[in-house]
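This report describes one chain for a reader who has not seen it before. Please look at the sequence and the structure first.

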Amino acid sequence: LAGTRIICDRKFLLECKSSPAARTPPCCLPQTPGVTSLAQSSLVKLEELKERNESEEAMPGEQPRATAP
């Protein structure tokens, strides 16, 4: 069994961390829901929470409902 082992020192890895290339995603990265972008179900839940919060703010006279833990 043969393989290639890449060995990097700590200084090099720390320099790579602050590189401009490390701050942006690759240009040809595929959009995979839940991996490279938010999952569709997460986006739907976020929209529902946003709408609920907006509707609660629109009705300030109502008491907030107690939620079970």
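What percentage of the 69 residues in the chain do buried residues make up? Buried residues make up 0% of the chain, where buried means under 20% relative accessible area, exposed over 50%, and partly exposed in between (1.4 Å probe, protein chains only).

The model is predicted, so local features need pLDDT of at least 70 and side-chain atom pairs count only at pLDDT 80 or more, while totals for chains, interfaces and linings use all residues. Residues are numbered from 1 along each chain as its sequence is written, and side-chain values use heavy atoms, with hydrogens and water left out.

The chain has 3 helices and 0 strands, in the order α-α-α along the sequence. Helices (H or I, at least four residues) and strands (E, at least two) are DSSP runs, numbered from the N terminus.

The average pLDDT (the predictor's confidence in each residue, from 0 to 100) is 76 for the chain, and 74% of the residues score at least 70. Mean confidence is highest in helix 1, at 89, and lowest in helix 3, at 77.

The structure holds 1 salt bridge, defined as a side-chain nitrogen of Lys or Arg within 4 Å of a carboxyl oxygen of Asp or Glu. Glu15 and Lys11 form this bridge, with 3.9 Å between the closest N and O atoms. Both residues lie in helix 1 (residues 10-17), 4 residues apart, about one turn of the helix.

Glu54, by contrast, belongs to helix 3 (residues 40-58). A surface patch of negative charge gathers Glu47, Glu48, Glu51, Glu54, Glu56 and Glu57. Such patches are made of residues with over 30% relative accessible area and no salt bridge, with like charges joined within 9 Å.

| Residue | Relative accessible area | Class |
|---|---|---|
| Glu15 | 44% | partly exposed |
| Lys11 | 58% | exposed |
| Glu54 | 44% | partly exposed |

Note on methods
Patches are made of residues with over 30% relative accessible area and no salt bridge: like charges are joined within 9 Å, nonpolar side chains (Val, Leu, Ile, Met, Phe, Trp, Tyr) within 5 Å. Accessible areas come from the Shrake-Rupley method with a 1.4 Å probe; for residues, only the protein chains shown count as cover. Lys and Arg count as positive and Asp and Glu as negative; His and the chain ends are not counted. The place of a charge is taken as NZ of Lys, CZ of Arg, CG of Asp or CD of Glu.
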